[in-house]
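Morning, everyone. Please have a look at the sequence and the 3D view on the screen. I'll walk you through it.

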Amino acid sequence: MVIKPLVSRVLALVLVCAIGLMGCSAGTTNGLTGNYRQDTLTVVENLTTILDMPSDAPDVTEQRQVARDQMNDYASRYRRDGRVSGLRSFTTMQTALNSLAGFYSTYGSRPLSDKLKTRLKQEFKQVEIALKRGL
């Protein structure tokens, strides 16, 4: 009779630990580390790669979904961080992400216009420069 409550408590503890560990690892699947500078450079690099992909590439749809997920995770991680949200690099990055997310939600699978690509690449360069200056 003592064994049944003990087994149920151990099982409950194991389940809580498993769920807790899975929750801790869920945020790292998108390549974000929690280091603002490194995460920003990673997102810029990934989005630049996607912008340079031809529209008829075989995995362009999958890559766009990965980009959307990463943009959402990046914005949700840093937009409420007071240490970061006022930085020039963050506001410029947020502008670029909003433009790209708006395009994806409005036009879906259509290829990006050259004008938008040029603007996004210019904003990404501004972000990189601001990061180098610590702004």
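This is a predicted model: local features need pLDDT of at least 70, side-chain atom pairs count only at pLDDT 80 or more; totals for chains, interfaces and linings use all residues.

Along the sequence the pattern reads α-α-α-α-α-α. The chain has 135 residues, and 31% of them are buried. Now take contacts between residues at least 6 apart in sequence. Of these, 71% join residues at least 24 apart.

Next, the inside. Here is some background. In soluble globular proteins, nonpolar side chains tend to be buried together. In this model, the largest nonpolar core has 28 residues. Which residues have the most contacts inside it? They are Leu 47, Tyr 74, Met 93, Leu 100, Leu 112, Leu 120 and Phe 124. Four helices each supply at least two residues of this core: helix 2 (36–52), helix 3 (60–78), helix 5 (88–107) and helix 6 (114–133). Helix 5 gives the most, with 7 residues.

Let's stop at Met 93. Leaving out residues up to four places away in sequence, what does Met 93 touch? Its partners are Thr 40, Val 43, Val 44, Tyr 74, Phe 124 and Val 127.

Now the helix pairs. Two packed helices are described by the angle between their axes and the distance between the axes. Take helix 5 and helix 6. Their axes come within 8 Å and cross at roughly 155°. Angles over 145 degrees count as roughly antiparallel, so helix 5 and helix 6 are roughly antiparallel to each other. The crossing of this pair is left-handed. Who makes the contact? On helix 5, the residues include Ser 89, Thr 92, Met 93, Ala 96 and Leu 100. On helix 6, they include Leu 116, Leu 120, Phe 124, Gln 126 and Val 127. By class, this contact has 10 nonpolar, 5 polar and 2 charged residues.

Finally, two single residues. Gln 126 is in helix 6. Is Gln 126 buried, exposed or partly exposed? Its relative accessibility is 39%, so Gln 126 counts as partly exposed. Thr 92 is 34 residues away from Gln 126 along the chain, yet their C-alpha atoms are separated by 7.4 Å. Both residues belong to the contact of helix 5 with helix 6.

The other residue is Thr 42, in helix 2. Buried means under 20% relative accessible area. Thr 42 has 17%, so Thr 42 is buried. Not counting residues up to four places away in sequence, Thr 42 touches Gly 31 and Gln 70.

That's my tour. Over to you for questions.

Conventions:
Residues are numbered from 1 along each chain as its sequence is written. Side-chain values use heavy atoms; hydrogens and water are left out. A nonpolar core is a set of buried Ala, Val, Leu, Ile, Met, Phe, Trp, Tyr and Cys residues joined through side-chain atoms within 4.5 Å. Buried means under 20% relative accessible area, exposed over 50%, partly exposed in between (1.4 Å probe, protein chains only). Contact means heavy atoms within 4.5 Å. Axes are lines fitted to C-alpha atoms, for helices over the stretch in contact, and angles run from 0 to 180 degrees between N-to-C directions. Angles under 35 degrees count as roughly parallel, over 145 as roughly antiparallel, 65 to 115 as roughly perpendicular and the rest as oblique. A crossing is left-handed if the near helix is turned anticlockwise from the far one by less than a right angle, and right-handed if clockwise. Ala, Val, Leu, Ile, Met, Phe, Trp, Tyr, Cys and Pro count as nonpolar, Asp, Glu, Lys and Arg as charged, and the others, Gly among them, as polar.
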